[in-house]
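Hi,

Here is the structure I promised to pass on. Have a look at it first, and then read my notes below.

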Amino acid sequence: MTQINLTPTAQPVREMTTTRFLSREVTARYLWAITRLCLGWTFLWPFLDKLFGLGHQTTVAHAWLNGGSPSKGFLSGAIGPFAGIYQSIAGAGWVNWMFMIGLLGIALALLLGIGMRIAAVTGAILLVLMWSASLPPQDDIFMDNHIVYAIVLLGLAVVGAGNTLGLGRWWTQTSLVRRFPWLA
């Protein structure tokens, strides 16, 4: 007589767990990648608006290409404990250039998925500086979207969000990044 084993084996359970785990991992990678792309757009849009005066926050007459100052409006309206510092540099040429290059560089790095470490750190610094120019925030004692975005940016670099829907894997294999790993 043939014996039938009705006891479940460990193998199917392991396969099911592995499949579920990979599915969560893949889902997480794509969610982080989509978050990266969305944040990239949040840096690219103000760059384009301030450069061309697309009418969202900047009119054509105040566009940087038409002689406007990308930093003057925001920094001259600074409030809080650092208001004097920000108001004193509002509209300075070097501030305009640093702000615009920063916006574009961070946006491109996030959208392409390259240079995630440097984009995360510089983006977080820029966001914290913008946060500190309007203390206290309108809706909270200290927390606002600038702080949340800064933390999310750092998270993007930690999880390697540039590797999914981006050029991150290729970028980290280039001789430049192998020579200077901080560019990853």
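**What I found**

The largest nonpolar core has 21 residues, and Phe43, Met100, Leu103, Leu110, Leu153 and Leu156 have the most contacts inside it. (A nonpolar core here is a set of buried Ala, Val, Leu, Ile, Met, Phe, Trp, Tyr and Cys residues joined through side-chain atoms within 4.5 Å; buried is under 20% relative accessible area, exposed is over 50%, and partly exposed is in between, with a 1.4 Å probe and protein chains only.) At least two residues of this core come from each of α1, α4, α5 (116-132) and α6 (145-158). The largest share, six residues, is supplied by α4. Apart from this core lies another one of seven residues, including Leu75, Ala83, Ala90 and Ala133. In soluble globular proteins, nonpolar side chains tend to be buried together.

Before you go further: this is a predicted model, where local features need pLDDT of at least 70, side-chain atom pairs count only at pLDDT 80 or more, and totals for chains, interfaces and linings use all residues. Residues are numbered from 1 along each chain as its sequence is written, and side-chain values use heavy atoms, with hydrogens and water left out.

Overall, the protein has eight helices and zero strands. (Helices are DSSP runs of H or I with at least four residues, strands are runs of E with at least two, and both are numbered from the N terminus.) Of its 184 residues, 34% count as buried. As for contacts (heavy atoms within 4.5 Å), take those between residues at least 6 apart in sequence: 61% of them join residues at least 24 apart.

Back to α4, which covers residues 93-112. Its 20 residues reach 28 Å from first C-alpha to last, close to the 28 Å expected at 1.5 Å a residue (the expected span is 1.5 Å times one less than the number of residues). Among its buried residues are Val95, Asn96, Phe99 and Met100. Just after α4 comes Gly113, with a positive phi of about 80°.

The 17 residues of α5 should span 24 Å at 1.5 Å a residue, and the end C-alpha atoms are 24 Å apart, which agrees. Buried residues in α5 include Met116, Gly123, Trp131 and Ser132. Leu153 is in contact with Ala120, Gly123, Ala124 and Leu127, among others, leaving aside neighbours within four places in sequence.

Arg36 is in helix α1 (residues 10-52). Arg36 is buried yet has no salt bridge, and the nearest side chain of opposite charge, Glu25, is 15 Å away. (A salt bridge is a side-chain nitrogen of Lys or Arg within 4 Å of a carboxyl oxygen of Asp or Glu; Lys and Arg count as positive, Asp and Glu as negative, and His and the chain ends are not counted.) A polar atom of the Arg36 side chain does lie 2.8 Å from the backbone oxygen of Leu165.

Asp144 sits in the loop between α5 and α6. Asp144 is also buried without a salt bridge, and Lys50, the nearest side chain of opposite charge, is 15 Å away. Which side chain does the side chain of Asp144 make a polar contact with? That of His146, at 3.0 Å. (A polar contact is a pair of N or O atoms within 3.5 Å; within protein, one must be able to donate a hydrogen and the other to accept it, and residues adjacent in sequence count only if both atoms are side-chain atoms.)

Cheers
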